[in-house]
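Subject: A structure for you to explore

Hi there,

Here is the structure I promised to pass on. Have a look around it, and then read my notes below.

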Amino acid sequence: MKKLFLFAFFVSATSFSQNAAADALIQQISNRDAYIVMTKTISPRIHCAAGDAIVRMGKSATAQLISVLTDENKGIAAHFILSEIWAARWEEAVCCEIVTDGTFEIMTVNGLEIFIKENELYAKPEDLKKNQANWKKITHA
């Protein structure tokens, strides 16, 4: 019984520690670190140490990332990180279906409509909410 208690305690502590680490790293990500590589395909990327660390954590960081998908300053970065972690669920889109409204270039990356102006990425709040709902479906299927 004592061994079972110690095992349960260890698993609980490890899970809490990973969640806390993921939360701390997610505080460091920003849409400013997100970018898109366009060659034969459209490939979402993020350039920051925190993003790389979250990708290495893998699927265990999914819940924390989903919780920030509606954040206008982190939602795109979180979407790109999830896209990397869950890469088996996506096929990179053939490049390049980019439209413009005269102010922004507009493209869809793994289901999220993204607006680009002066190399900064934006998404509408309602699109971020739809994207969050979509990720909940994808990761719980």
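To begin with a question: at roughly what angle do the axes of helix H2 (residues 49-57) and helix H4 (residues 75-85) cross? The answer is roughly 35°, and the two axes come within 9 Å. The crossing of H2 and H4 is right-handed. On the H2 side, Gly 51, Ile 54 and Val 55 take part, and they meet Ile 81, Glu 84 and Ile 85 of H4. Sorted by class, this contact has four nonpolar residues, one polar and one charged.

Now for the whole chain, keeping in mind that this is a predicted model. Its secondary structure comes to five helices and six strands. Starting at the N terminus, the elements follow the order α-β-β-α-α-α-β-β-β-β-α. The chain has 141 residues, and 38% of them count as buried. If you take contacts between residues at least 6 apart in sequence, 62% of these join residues at least 24 apart. The accessible surface is about 8,800 Å², with 55% of it belonging to carbon and sulfur atoms.

Why does Leu 69 count as buried? Buried means under 20% relative accessible area, and Leu 69 counts as buried because its relative accessibility is 0%. Leaving aside residues up to four places away in sequence, Leu 69 touches Gly 75, Ala 78, His 79, Leu 82, Leu 128, Asn 131, Gln 132 and Trp 135. Ala 133 is 64 residues from Leu 69 along the chain, yet their C-alpha atoms are separated by 9.3 Å.

Enjoy exploring!

Key:
Residues numbered from 1 in each chain as written. Predicted model: local features only at pLDDT ≥ 70, side-chain atom pairs only at ≥ 80, totals over all residues. Heavy atoms only, no water. Axes fitted to C-alpha atoms, helices over the stretch in contact; angles between N-to-C directions. Helix = DSSP H or I, 4+ residues; strand = E, 2+ residues; numbered from the N terminus. Left-handed = near helix turned anticlockwise from the far one by under 90°. Contact = heavy atoms within 4.5 Å. Nonpolar A, V, L, I, M, F, W, Y, C, P; charged D, E, K, R; others polar. Buried < 20%, exposed > 50% of the residue type's maximum accessible area, 1.4 Å probe, protein only. Areas by Shrake-Rupley, 256 points an atom, 1.4 Å probe, with all protein chains shown as cover.
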